[in-house]
Amino acid sequence: VRNRRRYGRGVTAVNLVDDPIPPSKDSEDDAYEADYDRVECVIHPGMFDSAEKYSNLLAVGSIVWVEGNILCNPSDGKISFWVSDARLMKSSWRPTVVQYVAELLHTGDIDVEEGAQALGINYFEAEKLSRIDDLTRRQWECSKLSMALQTSKSANLAPELLQVLDKYKDLSASWPISSNQEDGGKSQAPAPDETILQASLPGSYWQRKKRPQLEWMAREIANVARAHPEFGKRRLHILDIGGGKGRLANYLAQYLGNSAKVHVIDIAENAIANGAMRAKRLKIDVNFQVGDASTKFWDEHAIDIVVALHACGHLSDVALANAVHHRAGFVICPCCFSSNPRLLIPGTAPGSGRVEDYLGIPSADWSALKLVAEVQGDTALAGSAIHAICSVRAAAVSSKMPTAAVRIKSFPIQYSTRNICLIAEAPSSQPQ
């Protein structure tokens, strides 16, 4: 399926091609034009009992078998193919389509054999998927299947971008990604108040994405806090940079209790106001402030730990610079790597403070890595670039805080494809 358009009354038109990547136009194959012309297929509920189902399944990138009738419009000679039967041979990798296939398996509205073939799994795996009643768990499995269905996009990228990625392969190898996805590393803290984590329906974005990330981050931050030499002797200060509405901060404050004081700084006034109101309503002690962490270091308190969940683009570097400034531990999850390109590192001379200079990487290399990190539909390729970016950041921070044990860690990718985090406990000693 190369293209899909929906019309009223349940009618859908899809353009089919023999191959998603046709041969070069210099090909000597005389049948090139005929073989790779698009054929417009019409899915009409009047001709096809399963029209609604296959209108959803036949997304761009899927591979399909169709049977039907060829019709020719006498006025313009245009040929169309009216579908009377169809079978999904391979699903699109897009999560919504994979989730739809899984839902059809669960309800018995698609044959298990067809569902297995479409998802690239065996019959027994498809049966097992169909028996998962918990919607959140089923969608986590769909996230894994979606990534397995993706094909490499490297052929579509400029060779220069791939050369830059290859240039940082050795650096990435020196900063391996560790994972404790199922390590049982649950916090010793009491179970959180469910009013803080927000109730929602099974399978909702909150249940399958946001809440698990908050829980994972809280556990990692708690580990960093407990490793601090002053933990339990005084109240630690934690700074959440770009914390928005305070979802992480409010949960963290309840999670750590009196052992830590959490501060949030964000430029979004409305988000800060909403977060402060929510904290007050829940009787949680969190300090919310409007401010720009990229213009000056936050020095209201000596900070022990800097945190940031999905810090967009250069905001991650601003958070790391704040951690270095305070010689603090940190747990930072980068995101949206091309965002906030104009943010500068605070505490530098006017006209300076470029992130590339702070990290010690050529601007052209930095731009190339960020572009590859944002590639859609190829999680492996994007993940390699994200790993390289995090390795550059880890190396830079380690050079500025040699006694900080910086590491790169990931949480389960079904929560988010932006799942690679930079973590370090507070440095073991002050500089000479």
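# Close-up views of a predicted model

View 1. With a relative accessibility of 14%, S130 counts as buried, because buried means under 20% relative accessible area. When residues up to four places away in sequence are left aside, S130 touches L105 and H106.

**View 2. Helices α3 and α5 where they meet.** Helix α3 covers residues 95-107 and helix α5 covers residues 123-130, and their axes come within 8 Å and cross at roughly 80°. That angle makes α3 roughly perpendicular to α5. On the α3 side the meeting residues are A102, L105 and H106, and on the α5 side they are A126, L129 and S130.

**View 3. Helices α13 and α16 side by side.** Two packed helices are described by the angle between their axes and the distance between the axes. For helix α13 (residues 315-326) and helix α16 (residues 379-400), the axes come within 10 Å and cross at roughly 20°, and the two helices are therefore roughly parallel to each other. The crossing of α13 and α16 is right-handed. From α13, the residues S316, D317, L320 and V324 take part in the meeting, while α16 contributes R393, V397 and K400.

**View 4. The charged end of K400 and the ring of Y358.** K400, which is one of the α16 residues that meet α13, has its charged end over the ring of Y358, at 4.2 Å from the centre of that ring.

**View 5. An aromatic pair within helix α11.** A search of the whole structure finds six aromatic pairs. One of these is formed by Y251 and Y255, whose rings are arranged edge-to-face, with 5.5 Å from centre to centre and 80° between the planes. Both residues lie in helix α11, which spans residues 247-256, and they are four residues apart, about one turn of the helix. Y251 and Y255 are both buried.

**View 6. F411 and Y415 in an aromatic cluster.** The ring centres of F411 and Y415 are 6.2 Å apart and the ring planes lie at 20°, so this pair is stacked. Both F411 and Y415 are buried. Together with W140 and W216, the residues F411 and Y415 form one aromatic cluster.

**View 7. Residue A273 in helix α12.** A273 is found in helix α12, which runs over residues 269-281. With a relative accessible area of 35%, A273 is partly exposed. A273 and F288 are 15 residues apart in sequence, and in space the distance between them, C-alpha to C-alpha, is 7.8 Å.

**View 8. The protein chain as a whole, for orientation.** The protein chain contains 16 helices and 13 strands, and of its 432 residues 50% count as buried.

Methods: Residues are numbered from 1 along each chain as its sequence is written. This is a predicted model: local features need pLDDT of at least 70, side-chain atom pairs count only at pLDDT 80 or more; totals for chains, interfaces and linings use all residues. Side-chain values use heavy atoms; hydrogens and water are left out. Rings of Phe, Tyr and Trp (its six-membered ring) pair if their centres lie within 6.5 Å; planes under 30 degrees apart count as stacked, over 60 as edge-to-face and the rest as tilted. Buried means under 20% relative accessible area, exposed over 50%, partly exposed in between (1.4 Å probe, protein chains only). A charge sits over a ring if NZ of Lys or CZ of Arg is within 6 Å of the ring centre and within 35 degrees of the ring normal. Axes are lines fitted to C-alpha atoms, for helices over the stretch in contact, and angles run from 0 to 180 degrees between N-to-C directions. Angles under 35 degrees count as roughly parallel, over 145 as roughly antiparallel, 65 to 115 as roughly perpendicular and the rest as oblique. A crossing is left-handed if the near helix is turned anticlockwise from the far one by less than a right angle, and right-handed if clockwise. Contact means heavy atoms within 4.5 Å.
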